[in-house]
Amino acid sequence: MAASVSALFADRLASHHVAGGDQMVPLTFMIIIGTVALQSLTARPMARLLKVAEPDPNELLIIGANPIARALGEILLKNGFSPTLVDSDWDNIKAARMVGLNTFYGHPVSKYADQELDLVGIGRMLGLSRHRELNTVAAMRYRMEFGEQNIYTLADPEGTKEKHTAASRHKGQFLFADDMTFARLSALVAQGAEFRTTKLTEEFSFDAYLHTPERCVWPLFAMDTNNRLHIFSSHSQLLPQAGWSIIGLVKEASIKEAQTNTGQAA
């Protein structure tokens with residue numbers, strides 16, 4: 001609008017031989033460009049100052065609120081994150097709410113979820129349901145929201161025939177490791193493994209974390225010095241440094257057992 005009006009005025013000024021009238025149009029465009037540039041540079045800082053900015057999508061949508069999903073949600077919550085657990089089982093939802101976790105009661109790919117599930121601040125999905133088909137369907141739905149690189153599901157059980165499982169392209173990255181199934185996670189927890197947070201230092205490196213005697217470890221998440229959350233997966237090549245923290249599944253074991261299994265965990 002301003003450009004069209006300035007062109008009209010410039011034409012009138014030129015017809016009356018007013019000096020500098022031909023400069024009105026380029027001057028108007030310079031003002032418009034400057035205004036847009038200034039707004040783009042200051043809009044987000046101002047929104048943050050006024051506390052109306054949408055938060056960075058660093059949170060997680062977790063499919064399932066079963067005991068494994070709740071345990072992971074709890075340790076993420078203790079480390080400053082606020083995952084949202086989605087489940088159609090009311091008992092699971094109730095148990096998650098009892099420990100302070102955000103929840104959504106309903107099917108993750110329902111019309112109701114499309115309308116009511118708040119995804120503000122959420123940028124990744126973890127398929128932790130014991131039902132593999134639900135994880136896959138959710139992965140196919142939410143990769144449109146978060147991007148394919150931000151979709152994670154647990155691996156299929158060993159020996160699952162190809163004709164009985166969805167194609168890999170529909171499931172995103174495998175969470176934590178290629179062989180980390182829901183059954184294996186559950187079995188490890190049942191055997192006494194615990195979710196723990198460990199801080200790395202110059203003296204206690206990531207390699208030392210992986211190979212500490214008398215225990216087996218499976219790294220799950222890493223938090224860098226800027227408190228950004230990274231996920232270990234089948235495609236990740238994370239190399240956590242001093243100052244980072246690792247959320248892992250830790251199982252105390254005999255030295256012989258640790259030496260046998262830690263190599264598999266790494």
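Keep in mind that this is a predicted model.

Start with helix α6, residues 132-146, and look at what its buried residues pack against: β1 (59-63), α5 (111-116), β4 (122-127) and β5 (151-153). The buried residues here are Asn135, Thr136, Ala138, Ala139, Tyr142 and Phe146. Just past the helix, Gly147 has a positive phi of about 95°.

Next, select Leu126, Phe176 and Phe221. These have the most contacts inside the largest nonpolar core, which has 35 residues. Among the elements that each supply at least two residues to this core are β1, α3 (67-78) and β8 (215-223). Zoom in on Leu126: beyond its neighbours within four places in sequence, its contacts include Leu60, Tyr152, Leu175 and Ile231. A separate core of 13 residues includes Ile63, Val86, Phe104 and Met125.

Three of those take you to the strands. Show β2, residues 84-87: Thr84 and Val86 are buried on one side, Leu85 and Asp87 on the other. β2 pairs with β1 in the parallel sense over three bridges, with Ile63 opposite Val86. β2 also pairs with β3 (102-105), again parallel, over four bridges, and there Val86 has Phe104 as its bridge partner.

Finally, trace the chain from β2 through α4 to β3: this β-α-β crossover is right-handed. β1, α3 and β2 form a right-handed unit too.

Key
Residues numbered from 1 in each chain as written. Predicted model: local features only at pLDDT ≥ 70, side-chain atom pairs only at ≥ 80, totals over all residues. Heavy atoms only, no water. Buried < 20%, exposed > 50% of the residue type's maximum accessible area, 1.4 Å probe, protein only. Contact = heavy atoms within 4.5 Å. Core = buried A, V, L, I, M, F, W, Y, C linked by side-chain atoms within 4.5 Å. Pairing = 2+ DSSP bridges. Right-handed = clockwise from strand over helix to strand, strands pointing away.
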